[in-house]
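Hi,

Here's the structure I said I'd pass along. Have a look first, and then read on for what turned up in it.

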Amino acid sequence: MAFEFEPGRFYQVDQQDHLLAEVTYQPIKDGAVYALDHTFVDPSLRGQGVAHQLVAAVVELARREGKQILPLCPYAKKEFDRLAEYADVYYKNPEGAQYEQ
């Protein structure tokens with residue numbers, strides 16, 4: 001699935017401009033890390049791997065830009081913990097520590 005892009009966001013809207021899918025991320029640690037903070041998929045698209053594709057889009061961007069990702073969104077955190085291929089961009093925050101902007 002192809003997504004629209006703007007800084008901090010990959011998304012898809014329908015012909016009426018209703019949001020169908022979105023992942024958002026914010027630069028932290030002086031821009032060296034992306035905090036992936038939100039993933040949304042409309043119920044009409046669930047079960048089709050769209051959320052996985054959204055997270056993968058941020059991973060690809062981080063790789064191109066030489067950044068790491070702190071997955072704050074519960075779905076993204078599960079993806080990062082489950083997929084070894086994301087290890088190169090996985091920024092693991094010390095347990096219990098707040099991330100710094």
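Keep in mind that this is a predicted model. Let's start with the helices: the axes of helix 1 (residues 50-65) and helix 2 (residues 74-82) come within 10 Å and cross at roughly 70°. That angle falls in the 65 to 115 degree range, so helix 1 and helix 2 are roughly perpendicular to each other. On the helix 1 side, the contact is made by Ala51, His52, Val55 and Val59, which meet Tyr75, Ala76, Glu79, Phe80 and Arg82 in helix 2. Sorted by class, that contact has six nonpolar, one polar and two charged residues.

Next, the rings. The count comes to five aromatic pairs. One of them is Phe10 with Tyr25: the centres are 6.4 Å apart and the planes at 35°, so the pair is tilted. Phe10 sits in strand 2 (residues 9-13) and Tyr25 in strand 3 (residues 19-28), so this pair links distant parts of the chain, 15 residues apart. Phe10 is buried at 10% relative accessible area, and Tyr25 is buried too, at 3%.

Then there's Phe80 with Tyr90, whose ring centres are 5.1 Å apart with planes at 70°, so the pair is edge-to-face. Phe80 is in helix 2 and Tyr90 in the segment after helix 2, so the pair ties together parts 10 residues apart in sequence. Phe80 is buried, with a relative accessible area of 3%, and Tyr90 is buried at 11%.

Cheers

Terms used: Residues numbered from 1 in each chain as written. Predicted model: local features only at pLDDT ≥ 70, side-chain atom pairs only at ≥ 80, totals over all residues. Heavy atoms only, no water. Axes fitted to C-alpha atoms, helices over the stretch in contact; angles between N-to-C directions. Helix = DSSP H or I, 4+ residues; strand = E, 2+ residues; numbered from the N terminus. Parallel < 35°, antiparallel > 145°, perpendicular 65-115°, else oblique. Contact = heavy atoms within 4.5 Å. Nonpolar A, V, L, I, M, F, W, Y, C, P; charged D, E, K, R; others polar. Phe/Tyr/Trp six-rings, centres within 6.5 Å; stacked < 30°, edge-to-face > 60°. Buried < 20%, exposed > 50% of the residue type's maximum accessible area, 1.4 Å probe, protein only.
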